[in-house]
Amino acid sequence: MRLIFAGTPEFARVALAQLHAAGHDIALVLTQPDRPAGRGMKLQASSVKQFAQSHNMPVAQPRSLRLEGNYPEDAAAARNAIEATQADAMVVAAYGLILPQWVLDAPRLGGFNIHASLLPRWRGAAPIHRAIEAGDPDTGITIMQMDAGLDTGDMLLTEKLAIGPHATTASLHDALAALGGRLIVQALALAAGGGLQPARQPEAGVSYAHKIDKAEAVVNWGDSAEAIGRRIRAFDPFPGASSLLGGEVIKLWSYEIDSVPRASGVDCGTIVSVNEAGVSVACGQGVLRLTSLQRAGGKRLAVADFLHGFALAPGMTFDR
């Protein structure tokens with residue numbers, strides 16, 4: 001098929017690579033404008049742009065697609081480029097811009113979205129993080145026919161993926177990206193032969209995966225050990241769960257649920273034991289043994305290495 005592809009981060013790059021490998025004609029790639037990144041804050045192209053340019057695909061980076069928005073000149077140029085492709089379909093994966101109806105109407109078969117959840121659960125910006133944080137046993141990919149709503153279109157293909165007990169957003173992201181790339185290739189093959197069977201999303205079970213705020217990273221030690229652990233995994237790699245200790249921000253990267261019950265009379269956030277296997281901290285319910293930590297400006301370290309540069313002892317207390 002002749003395609004327009006719209007996406008920005010690594011999740012989208014995986015899908016673009018799969019479409020390219022499957023032999024589709026990528027007539028135009030839309031991606032977010034270059035952003036400052038790294039310590040030098042130099043402009044950096046998105047993962048999708050880097051892949052597209054390395055494979056000689058035309059790239060456009062409009063700041064908006066709204067013809068009556070803040071950047072009408074960008075939208076008008078994008079419209080000319082989109083309509084000139086005469087594409088069969090548009091594939092969208094984590095693009096980051098709202099698509100007006102004129103964009104969805106331009107390709108012959110409309111827009112196909114790769115969404116990292118089993119809709120209608122976790123519509124919105126951060127479905128992978130929220131699924132882990134909520135303790136969902138599984139998630140998956142939904143290939144959706146796009147409409148003007150927020151992830152409300154008809155479902156075309158779905159496939160479930162279990163969330164393992166040690167899954168982080170980083171590891172689950174990679175598994176879902178690979179699954180999404182495979183499913184979109186399958187969906188387009190079915191679409192070419194008229195074999196897709198759209199299904200409306202059920203009204204029951206709708207939930208929204210709101211964008212991650214850095215303020216959410218701060219651990220509340222009054223929560224249960226299980227809930228705190230899920231947040232540690234959900235916020236890995238961004239923004240990283242954290243807590244203050246002696247006025248210093250410590251990031252928490254990995255953990256185990258301690259088999260030792262929480263003693264009565266111990267305040268939440270109190271370190272109850274320290275050894276090379278981990279730092280055990282009293283929670284609202286249970287005890288969490290932290291096994292990988294990071295100081296500001298430092299690297300992630302296993303506790304045994306962390307303790308060489310930061311002395312911890314029972315009785316010290318993380319801020320709640």
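Strand S1 (2-7), helix H1, strand S2 (25-30) and strand S5 (59-60) are among the elements that cover the buried residues of helix H2, contact meaning heavy atoms within 4.5 Å. Helices (H or I, at least four residues) and strands (E, at least two) are DSSP runs, numbered from the N terminus. The model is predicted: local features need pLDDT of at least 70, side-chain atom pairs count only at pLDDT 80 or more, and totals for chains, interfaces and linings use all residues. Residues are numbered from 1 along each chain as its sequence is written, and side-chain values use heavy atoms, without hydrogens and water.

The buried residues of H2 are Val48, Lys49, Phe51 and Ala52, where buried means under 20% relative accessible area (1.4 Å probe, protein chains only). Viewed down the axis of H2, these residues fall within an arc of 165°, so they line one face of the helix; the arc is that of the directions from the helix axis to the C-beta atoms.

| Helix | Residues | Contact residues |
|---|---|---|
| H1 | 10-21 | Glu10, Ala12, Arg13, Leu16, Ala17, His20 |
| H2 | 47-54 | Ser47, Val48, Phe51 |

The axes, lines fitted to C-alpha atoms over the stretch in contact, lie 8 Å apart at an angle of about 25°, between N-to-C directions on a scale from 0 to 180 degrees. H1 and H2 are therefore roughly parallel, a term for angles under 35 degrees.

Ser46 is located in the loop between strand S4 (42-44) and H2. Ser46 is buried, at 10% relative accessible area.

Notes. Angles under 35 degrees count as roughly parallel, over 145 as roughly antiparallel, 65 to 115 as roughly perpendicular and the rest as oblique. Buried means under 20% relative accessible area, exposed over 50%, partly exposed in between (1.4 Å probe, protein chains only).
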